[in-house]
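The sequence and structure come first.

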Amino acid sequence: MSDPIYIPGQRWSSDGESELGLGVVVSCDGRMVRVLFPAAAEERTYAVRSAPLTRVRFDVGDAIRDHEGRPLTVDGVEEQGGVVTYRCHDENGGAETLAESGLDDRLRLNRPEARLLAARFDGDTWFTLRYEAWLRAAEAARSPLFGLAGARVAPIPHQLYIAEQAAGRLWPRLLLADEVGLGKTIEAGLILHRLVLAGRARRVLVVVPEPLLHQWLVEMLRRFNLPFALFDRARFDAAGEPAEENNPFFEAQRVLCSLEFLTSNPAVARAALGGQWEMLVVDEAHHLHWTPEESSLEYDLIEALAQLTPGALLLTATPEQLGRAGHFARLRLLDPHRFHDYDAFLAEEREYEPVAAVAARLLEGAPLGDEERALLASLLGEEADGEPEVVMERLLDLHGTGRVLYRNTRAAIQGFPGREGIAYPLSLPDGYDPASPAPERGFGPGWSAVDPRVDWLAETLRGLRPAKVLVICAEAATAVELREALHRRHGHHAALFHEGMEIVERDRAAAYFADPQEGSQALLCSEIGSEGRNFQFAHHLVLFDLPLEPELLEQRIGRLDRIGQCSAIRIHVPCFAGSAGEVLYRWYDEGLGAFGGVAPAAGAVFEALGAELLAALGDPARCDGLVARAAALSAKLAGELEAGRDRLLELHSHRPEQADRLVRAMAAVDGDRRLADFMGRLWDAFGVEHDPGPGRSTVLHPGNHMHHHHFPGLPEEGITVTFERDDALAHEDREFLTWEHPMVRGAMELLTGSDQGATAITVVKSSRIEPGTLLLELVYVAECPAPPELEIGRFLPPTALRLLLDGRGRDLTEQLPHHALQGESQRRNRDLAKAVVQSQTPRLRQLLERGALLAQRAADREAARAKEEAARTFDAELARLRALGAPAREERETLEATREAVASQLDHTRLRLDAARLIITR
């Protein structure tokens with residue numbers, strides 16, 4: 001094969017640096033060719049005989065762009081003096097003539113046919129990695145665990161069930177109302193993660209109370225790899241005067257802010273309302289005030305945002321039985337059409353009570369009486385005689401809160417090991433205010449020298465050693481001085497965790513505490529320790545002081561008392577006899593029962609008796625009567641809650657059989673070693689250094705000769721990763737790599753978006769094929785571009801279609817899988833590669849045409865399969881919505897339009913050749 005001819009003005013692409021864009025030949029003296037890459041402002045000089053360049057030449061029907069970025073379609077190609085001119089038409093059908101010098105410099109070429117026939121080859125490793133990347137990406141997109149398996153969370157059945165059910169809807173609008181400790185934040189994060197990965201939720205607004213900002217920021221980033229921009233007044237003002245064309249909220253796609261900030265200024269509220277959000281998440285939604293007569297500013301703003309946003313998640317732990325108006329208020333934010341009248345809602349709820357009673361009997365397998373059978377028949381007609389599960393589905397749709405509310409309780413979920421509060425009476429030091437729950441604050445500097453809790457804590461830690469102990473104080477200053485006192489007086493080294501530390505410092509402290517061998521026995525936290533972090537590995541909690549709000553106490557205990565805790569929890573409370581601390585302990589222990597377990601009525605009791613509690617803090621003589629009244633009210637409300645237990649809602653919120661299927665599927669994914677193997681080979685190919693780290697981790701560093709200047713997700717200082725879920729849960733300083741992790745997805749997109757591995761040539765020894773046989777392995781990609789909200793990837797993600805043809809065009813794909821054709825890459829044997837291609841060019845052209853025909857048939861089958869799957873999915877949901885009648889009309893019409901749009905898009909599935917490998921047997 002003769003050397004290529006380089007003529008000034010021609011466009012060429014670099015085989016090894018496709019990111020440079022299109023190059024233009026500047027000069028050629030017969031030995032050396034000089035090429036300018038304008039998009040990267042780089043110039044390269046190559047030896048003519050070995051230049052790693054591929055001629056850029058487009059064909060009729062190809063889509064191109066000019067220097068201004070305008071899209072054009074090629075209608076004809078003319079060549080004069082070795083330089084090409086294209087006849088094209090634009091988007092409006094207008095005719096254009098474009099010299100190749102006028103092509104967009106930023107175009108990146110991946111034309112395997114051209115590279116194959118030009119004998120431009122990469123190594124087999126790149127070809128295999130490219131093919132595997134397409135396979136694994138499509139497999140992940142089709143998985144029922146898509147968006148769920150990649151989160152740094154334990155596989156808790158009810159959480160996975162809720163997330164799968166919610167994220168499978170077109171636009172979820174839900175009230176997540178699980179009890180404390182059951183993981184509402186994780187459920188919301190799983191749903192968001194799924195929607196973000198699918199491309200449906202690009203603009204997300206999360207609104208939380210001010211104290212929870214850090215919790216959400218950490219949870220979303222550490223558990224779900226979802227970075228959020230934290231918005232406050234300073235950031236908002238720094239953006240300048242807001243206007244329609246200058247909305248500060250458009251600076252970021254995912255925004256986290258406080259409800260207080262949104263309502264602080266009309267300009268902030270207007271900008272938020274103009275943010276064009278796709279998902280709205282509101283935590284602690286029970287604080288939004290609404291009655292039939294009035295509503296708060298906060299409620300009105302969230303209502304306006306919810307009306308403008310297609311998806312919405314409201315998180316609340318307040319049981320609906322403790323406030324019907326408040327419960328209705330939250331439901332109407334999500335579905336104002338169904339929940340439009342409070343009196344009608346109350347009437348429907350009264351009618352629902354006997355329905356829920358029938359559902360409970362069905363769940364227990366108990367026989368129904370005549371009145372109960374008559375009730376079912378009046379509601380469901382012939383469907384009343386169906387299978388119990390079908391009957392349940394229809395009852396759930398027709399009555400109560402339907403599919404808007406998810407609420408799991410500890411009574412229904414179970415699996416908690418129990419907990420116990422232990423009080424330690426101490427003498428009140430001189431100078432301490434007995435009416436203060438935290439008297440050291442009023443004492444000032446040096447309090448640790450007189451406070452007996454310091455010596456008590458040191459002695460307690462020695463007695464519990466080596467068990468891990470979490471210590472929570474109300475304020476950071478208390479935690480800091482306590483740590484210094486323990487070290488100075490007792491030689492005890494404890495880790496420290498408070499809001500004044502950088503996030504990286506907190507991570508290190510948490511990791512030091514978590515380390516079972518060399519870590520700290522104790523972690524001293526400010527109140528921030530009750531937010532965002534879970535320490536299930538610890539079984540001892542010291543509450544250096546007690547908060548007034550029951551919710552805050554439960555949040556503190558909830559750092560240990562969570563799903564996944566394997567031992568009973570001991571809650572150690574030092575308190576001064578005859579002081580406010582003793583009153584608070586008795587209030588929580590004897591009045592609310594909050595140390596022995598979650599007290600669902602605690603909030604309502606505090607609301608009713610809070611004023612008496614404040615008075616008793618200064619007058620402990622009132623404590624006996626207060627505790628008795630609190631215990632009586634707690635028992636009364638707890639009885640009402642149990643009497644109102646909704647078994648139908650429990651069934652809707654957690655289906656054990658379906659949830660267990662998801663848990664088993666996740667266990668299978670976690671046990672699959674293909675990712676670790678794939679990433680090891682990918683790191684080697686890209687030149688990333690990877691070495692075993694502590695435990696089951698791997699330490700990554702940029703290599704000295706990396707294939708690309710930057711590897712996705714790899715900082716210059718390196719990073720520690722793990723492929724093991726339990727290792728990632730125990731060590732939050734390690735990145736948890738899954739097929740959904742940004743590093744993995746970014747690396748695969750970097751590879752498949754370039755021309756690396758698009759062509760290869762291999763000599764293979766095979767006893768199944770006659771020596772000297774020529775084989776052509778082709779990888780096509782079938783893809784269906786569509787708006788993200790259609791989520792076409794559920795049915796047809798970009799899908800690799802492999803073909804293997806022999807020299808006569810026979811299809812050997814099934815007989816010889818890809819892994820059976822590993823051999824010796826001939827990439828560096830350029831003379832052999834050129835000779836083979838030159839002698840086989842006519843045959844290769846015929847095989848490429850044959851392959852395109854066979855691949856198109858396979859793509860058509862894939863598209864037809866996807867249409868059938870989509871039709872089944874949509875038709876099942878539409879049947880349910882039609883049965884609901886008028887209340888679901890709007891949702892039904894939206895779903896019908898989506899069904900038609902998906903079917904239409906799948907009719908336009910495209911096929912392209914992505915990679916080709918020439919194989920010679922010996």
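## An enclosed helix

The buried residues of helix H10 are Ala 325, His 327, Phe 328, Ala 329, Arg 330, Leu 331, Arg 332, Leu 333 and Leu 334; buried means under 20% relative accessible area, exposed over 50% and partly exposed in between, with a 1.4 Å probe and protein chains only. Helices (H or I, at least four residues) and strands (E, at least two) are DSSP runs numbered from the N terminus. Because 9 of the 11 residues of H10 (residues 324-334) are buried, this helix is largely enclosed by the rest of the structure. Its cover includes helix H9 (297-308), helix H11 (342-364) and the strands E10 (173-176), E15 (311-315) and E16 (405-406).

## Basis of the model

This is a predicted model, in which local features need pLDDT of at least 70 and side-chain atom pairs count only at pLDDT 80 or more, while totals for chains, interfaces and linings use all residues. Residues are numbered from 1 along each chain as its sequence is written, and side-chain values use heavy atoms, with hydrogens and water left out.

## Nonpolar cores

A nonpolar core is a set of buried Ala, Val, Leu, Ile, Met, Phe, Trp, Tyr and Cys residues joined through side-chain atoms within 4.5 Å. The largest one has 67 residues, and those with the most contacts inside it are Leu 482, Leu 523, Leu 543, Leu 546, Trp 587, Tyr 588 and Phe 595. Helix H20 (residues 580-592) gives the most to this core, with 7 residues. A second, separate core of 43 residues includes Ala 177, Leu 259, Tyr 342 and Phe 345.

Contact means heavy atoms within 4.5 Å. Beyond its neighbours within four places in sequence, Leu 546 is in contact with residues including Pro 437, Arg 556, Val 573, Tyr 588 and Phe 595.

## Helix pairs

Axes are lines fitted to C-alpha atoms, for helices over the stretch in contact, and angles run from 0 to 180 degrees between N-to-C directions. The axes of H16 (residues 452-464) and H17 (residues 476-490) are 10 Å apart, at an angle of about 70°. That makes H16 roughly perpendicular to H17; angles under 35 degrees count as roughly parallel, over 145 as roughly antiparallel, 65 to 115 as roughly perpendicular and the rest as oblique.

The axes of H4 (residues 184-197) and H5 (residues 213-224) come within 10 Å and cross at roughly 55°. H4 is therefore oblique to H5.

## Cysteines

With a disulfide defined as a pair of cysteine sulfur atoms within 2.5 Å, the count is 0. Cys 88 is buried at 3% relative accessible area, and Cys 257 is buried at 0%.
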